[in-house]
Amino acid sequence: MRVNVTVNGEQRQADDVWEGESLLYVLRERLGLPGSKNACEQGECGSCTVYLDGVPVCSCLVAAGQAQDREVRTVEGLAEGDALDPVQEAFVEAGAVQCGFCTPGLVVAAHDLVNRVPQPSDPEIREALAGNLCRCTGYEKILDAVKLAAQKKSAR
């Protein structure tokens, strides 16, 4: 089947998509967007999180056909040209990136949070990131990054 989808503001098309193929597979393997990671394929780790029509979803759980004629925004689409999004900048500045496998999902989840809650509390940050697993950190630098991102967004 053919899937037509708007990805990061650009109309894209994927051909020969199998009915059981995930949106994650289409993004990574058919459309060449490797930012979202394939870790668990069960929606448990959050590393594949993308926006689907403005709502964060685990792309490993979304059938590719469900994205037909919809809008997807990946971690690659958060940046504006060569300028990183404030959330992406904050993750780098706070040292919240280690191996990088969980980072795309955490960045998308944090981006969603700071857009909904301009100055999130620690419990709000923890709740928003609860669906994202990181094996490298103790999460403190990730929490620091979200707080820094909120400051950066409010300063704009």
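What is the volume of the second largest pocket? The second largest pocket comes out at about 180 Å³, where a volume is the space filled by probe spheres set on grid points joined across faces, edges and corners.

## Ground rules

This is a predicted model, in which local features need pLDDT of at least 70 and side-chain atom pairs count only at pLDDT 80 or more, while totals for chains, interfaces and linings use all residues. Residues are numbered from 1 along each chain as its sequence is written, and side-chain values use heavy atoms, with hydrogens and water left out.

A pocket here is an open set of points on a 1 Å grid over the protein atoms alone, where a 1.4 Å probe fits and protein lies on both sides within 12 Å along at least five of seven lines; lining residues have an atom within 4 Å of a point.

## The second largest pocket

Thirteen residues line this one, and Thr49, Pro56, Ala109, Ala128 and Asn132 lie nearest its centre. Strand 4 (55-58) and helix 3 (103-116) are the elements that give two or more residues to the lining; both are DSSP runs numbered from the N terminus (helices are H or I, at least four residues; strands are E, at least two).

The lining splits into five nonpolar, five polar and three charged residues. In this scheme Ala, Val, Leu, Ile, Met, Phe, Trp, Tyr, Cys and Pro are nonpolar, Asp, Glu, Lys and Arg are charged, and the others, Gly among them, are polar. Domain 1 (3-75) and domain 2 (86-155) each supply at least three lining residues, with bounds from an automatic or database domain assignment.

## The largest pocket

The largest pocket holds about 230 Å³ of space. Its lining includes Cys40, Cys45, Cys99, Cys102, Cys134 and Cys136, along with Phe101 and Arg135. By class, that's nine nonpolar, one polar and one charged residues.

## How the helices pack

Helix 3 and helix 5 (residues 140-155) pack at about 45°, with axes 10 Å apart; axes are lines fitted to C-alpha atoms over the stretch in contact, and angles run from 0 to 180 degrees between N-to-C directions. That makes helix 3 oblique to helix 5 (under 35 degrees is roughly parallel, over 145 roughly antiparallel, 65 to 115 roughly perpendicular, and the rest oblique).

Helix 2 (residues 86-93) and helix 5 have axes that come within 8 Å and cross at roughly 140°, so helix 2 is oblique to helix 5. Helix 2 and helix 3 pack at about 125°, their axes 9 Å apart, and are therefore oblique to each other.
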